[in-house]
Amino acid sequence: MRRFLFTTLTLLICFFSVNAQKTTITNLEVDKLISPLGLDNKNPDFSWIIKSEDYDVVQTHYQIFVATDEIFSKNSLVWDSGKVSSDESVYVNYLGKELAYDTQYFWTVKVWTNKSKRSSQSKVSSWKTGLMDNQNWKSNWITVNNEDMTSPKIPYFINDFRVDSKIISANLYITSRGVYEAHINGKRIGDAILTPGWTSYSNRIQYQAYDVMEMLLTGENRIGVILADGWYRNFRQNRKNRIVDYGERTSFISELIISYEDGRKESIIDEKNWSYNFGPILSSSIYNGESVDMNLKNSKWSFPGHKNKNSKKAKTASRYKGFIDYTRNEMIKKREVLSAKELIITPSGDKVIDFGQNLVGWVKFKSALPKGTEVKLYHAEVLDKKGEFYTTNLRKAEQKNTFILNGDEDQIYEPVFTFQGFRYLKIEGIDKINIKDFKAVAIYSDMEFTGQLTTSNKLINQLQQNIQWGQRGNFLDVPTDCPQRDERLGWTGDAQAFFNTAGFNMDVKNFFDKWLIDLTYDQRSDGAVPGVVPHNNYLGPNDSEGLEGNFGRTGWADAATIIPWNSFLIYGDKETLERQYLSMKKWIGFMTKNSINNLFQKRDHWGDWLFFSRDDDNSGVSAVTSKKLIAQAFYCYSTKLLIKAAKVLDYKDDLKVYSELYQKILKAFNDEFVTKNGMLISDSQTSYVLALQFDLLSKKNREIAVERLIDNINDYGHLTTGFLGTPFLCHVLSDNGKHAKAIELLLRKEYPSWLYPVTKGATTIWERWNGIKPDGSFQYPSMNSFNHYAYGAIGEWMYANLMGLKINENYPGFKRFTIKPLFDKNFVNIDGSFKSSYGKIAVAWSRKNGKLQLTIEIPANTSSDVILNKPSDGSWKLENPKLISKILSKEENKQKTLLLLGSGKYNFSFVAN
Ligand code: RAM
């Protein structure tokens with residue numbers, strides 16, 4: 001056992017000595033969004049970041065002002081919080097007057113800190129409320145007429161209106177059953193893609209708000225809406241006999257609300273005026289791609305006054321029975337454009353472009369070829385062993401875009417309502433290919449990147465890149481399993497396994513808040529949570545137990561408890577817990593109801609999905625873990641999370657009830673699955689990992705479990721865990737003093753391991769440990785995605801151990817956190833940062849000439865416990881005495897030094913032996 005991961009003789013410390021610095025208040029957010037539009041929360045939350053180069057800065061007071069004008073005149077003030085004594089600078093609840101609909105609110109905050117008597121004031125920021133209430137949707141839903149209802153062609157709707165008086169604001173509110181793109185007067189509105197995104201469509205659809213004031217003209221105006229199936233209809237059209245769609249026809253609803261200078265406010269569009277035409281998009285499907293005839297393009301279609309031939313009157317669609325909700329999350333946008341790397345002619349003569357990166361989005365291109373030329377673009381993630389374009393793993397998803405060119409050399413050809421998962425593009429219809437004409441556009445939800453980690457090990461850096469690219473490609477409004485084959489669904493198990501890593505990489509707070517609301521809607525009344533959210537009957541309706549097969553499965557349904565709790569830890573927003581609490585409780589209720597003698601009985605589970613298994617397993621080397629054991633382990637874990645949530649929310653009665661339940665189910669776990677001598681009935685890595693991670697064993701059995709886990713890893717010589725065990729494997733090792741084993745697993749390059757795919761040229765995380773076998777062949781063609789983030793869950797361990805950043809459960813949202821880097825000898829340097837709600841936390845260390853340089857950056861209004869292991873044979877010394885005054889507290893024992901640091905940037909240097 002290598003307990004001390006770095007050895008030092010002396011600690012030299014240097015630091016920047018800075019005089020009291022100016023404090024600035026930045027990054028103003030309302031409900032974690034920058035100046036959001038259409039926010040219907042009646043009590044939104046305000047967050048700000050305090051920036052200062054001074055040390056140990058803590059907010060002592062704040063004062064928030066909210067008004068309807070930018071100068072905060074008395075009459076327009078709707079809230080003055082008063083000077084509040086508090087160190088809270090994130091999720092401060094609005095407690096002012098009732099907010100009106102379709103209104104812009106300005107806000108600013110004054111902050112006092114322990115370092116100065118004078119306050120610092122932020123700049124003014126704003127947000128706009130939306131329709132606030134479903135009653136404010138006065139229009140009807142609009143659709144094509146009956147004869148066009150089943151046409152694959154994409155309709156372009158238009159509506160003309162006049163603006164004659166002077167206006168002071170114009171906001172468009174719009175959503176659809178299907179996906180839409182809206183235009184006004186010849187221009188596209190906003191830049192979001194595949195709006196309104198995907199929710200539990202039968203229950204809830206989000207609408208979007210756009211400020212269109214600058215787009216309007218005095219006199220004649222025209223609004224246009226293009227409407228396609230998206231996820232709503234024909235999403236799974238290749239899988240007949242499955243009830244997968246939400247409705248038979250697509251439709252949209254819109255309100256354009258104009259406020260005039262004279263005080264009038266009106267919804268301006270006459271819904272009887274809608275008409276439509278078909279345009280260049282002949283068909284569009286998320287899985288199959290788009291077919292476009294650019295000769296049918298009418299660039300004037302949304303210009304006012306332009307006469308469209310053969311236009312038809314639109315029809316009123318049926319009322320929507322669900323709830324039209326406001327948008328809480330960042331919409332999908334174009335995020336990166338990648339150039340082509342290489343043109344490949346495959347052995348069978350296909351022309352294939354390699355973009356060098358497996359990504360999600362589409363290819364845009366230009367071409368000087370004549371009008372009428374048909375160009376077909378096919379998308380694939382990999383080439384096969386022979387170097388041929390490989391699409392078998394896409395199953396029935398065609399991923400094909402077809403364009404009939406219009407001969408216009410400036411024309412950029414790109415699809416609108418589809419996306420593909422690909423690295424390689426096969427082109428048909430162009431003989432001479434200039435790769436400069438082709439660009440790959442990566443699209444994903446517009447979340448901010450928050451985490452960054454680089455090391456001296458190139459393969460680990462590539463792994464980190466792969467994890468982040470996997471997240472990009474699978475975070476398109478919904479956290480999907482994969483983005484390419486005919487699946488692309490919000491698998492709950494994958495999402496919970498990856499959540500913590502996702503939360504380090506990007507600000508996924510709103511993305512998951514939105515998804516959790518859909519989880520709640522899709523949760524069955526008996527508490528069972530589906531395998532995919534939004535639920536769309538992907539799996540057959542019934543399993544052997546007469547329960548819907550897709551519901552209530554261990555490790556998947558537990559997303560209901562795991563994600564809200566982990567979101568609370570990363571972001572510190574109690575409201576997420578409050579909102580999800582009932583859903584959490586219902587899921588525990590389902591397990592309790594389906595228990596006999598406190599053992600969760602449901603039989604159908606996916607278990608430790610895609611664990612290490614051998615083909616011809618005569619000697620039984622496959623690492624099977626009893627699904628019943630896993631089910632009981634998660635039952636305990638989820639119940640514990642519910643108890644923690646009840647504690648935070650101060651639900652005393654529940655705390656008592658569930659603590660009692662917990663004791664019973666924990667005992668049942670031990671009685672049923674732990675043998676007299678401490679072995680688990682499945683002697684597998686995942687068994688021990690779950691039992692240890694969820695803290696299910698007695699102290700004595702813990703020790704036995706750790707040893708058995710190590711033995712097991714040694715026996716195999718590698719990891720054997722699947723989707724449920726993998727996220728915790730290295731954590732369990734590290735938390736039990738087995739860092740060296742964790743590092744050994746991390747750095748292993750042979751199959752199965754995290755780096756094996758990297759050595760095979762992977763640029764994303766694979767679904768299987770052996771997506772491409774050592775001989776270059778593929779196994780299981782029907783389920784072999786090369787962009788499946790679940791195993792990427794190792795990312796969180798890398799942040800927590802290589803960078804050393806750990807959450808402190810008692811101070812959620814990184815108000816106070818722990819820094820405990822590994823200083824592992826296999827690395828020469830590590831550079832990591834994470835942008836928390838309070839600001840950027842950075843940890844970097846490097847090893848040079850026997851010395852370790854460590855830099856730590858702690859944002860204002862937070863503090864950090866820094867734990868530095870010591871060699872057993874000597875203590876280190878703080879050489880720069882000035883630093884002592886910056887250390888809030890210090891404790892030392894034989895093994896470690898514990899420092900509590902306030903905000904600031906600290907440079908340490910240690911002499912390593
Ligand atoms: C597969 C999905 C997903 C997994 C389920 C059980 O089809 O791709 O990753 O969660 O099965």
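Me: Hey, which helices and strands each supply at least two residues of the lining of the largest pocket?
Reply: Hi! In this predicted model, the helices are α2 (492-505), α4 (559-571), α6 (627-649), α8 (685-693), α10 (726-735) and α13 (794-803), and they are joined by the strand β40 (805-807).

Me: Nice. What volume does the largest pocket have?
Reply: About 930 Å³.

Me: And which residues lie nearest its centre?
Reply: Those are Q693, H731, D735, E796 and E809, out of a lining of 32 residues. Split by class, that lining has 16 nonpolar residues, with eight polar and eight charged ones.

Me: OK, on to the second largest pocket. How much space lies in there?
Reply: About 750 Å³. The lining of the second largest pocket is made of 31 residues, and E181, H183, I226, E414 and V416 lie nearest the centre.

Me: Which element gives the most to that lining?
Reply: That's β14, with three residues. Both β14 (179-184) and β26 (332-339) supply at least two residues each.

Me: What about the classes there?
Reply: The second largest pocket is lined by 18 nonpolar, six polar and seven charged residues.

Me: Let's switch to the ligand. What surrounds the ligand?
Reply: Its shell consists of D481, R485, E487, W491, D494, W556, W606, W609, F723, E767 and H788. In terms of class, five of the shell residues are nonpolar, one is polar and five are charged.

Me: How far is the side chain of D494 from the ligand's oxygen?
Reply: A polar atom in the D494 side chain sits 2.5 Å from a ligand oxygen atom. For D481, an N or O atom of the side chain is 2.6 Å from an oxygen atom of the ligand. With H788, the distance between a side-chain N or O atom and a ligand oxygen is 2.8 Å.

Me: And how much of the ligand does the protein bury?
Reply: The protein buries 96% of the 290 Å² that the ligand exposes when taken alone.

Me: Last topic, rings! How many aromatic pairs are in the whole structure?
Reply: A search of the whole structure turns up 65 aromatic pairs. One of them is formed by F612 and Y751, a tilted pair with 6.0 Å centre to centre and 45° between the planes.

Me: Where in the chain are F612 and Y751?
Reply: They are in distant parts of the chain, 139 residues apart. F612 is in the loop between β39 (599-600) and α6, while Y751 is in the loop between α11 (739-747) and α12 (755-759).

Terms used
Residues are numbered from 1 along each chain as its sequence is written. This is a predicted model: local features need pLDDT of at least 70, side-chain atom pairs count only at pLDDT 80 or more; totals for chains, interfaces and linings use all residues. Side-chain values use heavy atoms; hydrogens and water are left out. On a 1 Å grid over the protein atoms alone, a cavity is a set of points where a 1.4 Å probe fits but cannot get out, and a pocket is an open set with protein on both sides within 12 Å along at least five of seven lines; lining residues have an atom within 4 Å of a point. Grid points are joined across faces, edges and corners, and a volume is the space filled by probe spheres set on the points. Helices (H or I, at least four residues) and strands (E, at least two) are DSSP runs, numbered from the N terminus. Ala, Val, Leu, Ile, Met, Phe, Trp, Tyr, Cys and Pro count as nonpolar, Asp, Glu, Lys and Arg as charged, and the others, Gly among them, as polar. A residue is near a molecule or strand if one of its heavy atoms lies within 4 Å of it. A polar contact is a pair of N or O atoms within 3.5 Å; within protein, one must be able to donate a hydrogen and the other to accept it, and residues adjacent in sequence count only if both atoms are side-chain atoms. Accessible areas come from the Shrake-Rupley method with a 1.4 Å probe; for residues, only the protein chains shown count as cover. Rings of Phe, Tyr and Trp (its six-membered ring) pair if their centres lie within 6.5 Å; planes under 30 degrees apart count as stacked, over 60 as edge-to-face and the rest as tilted.
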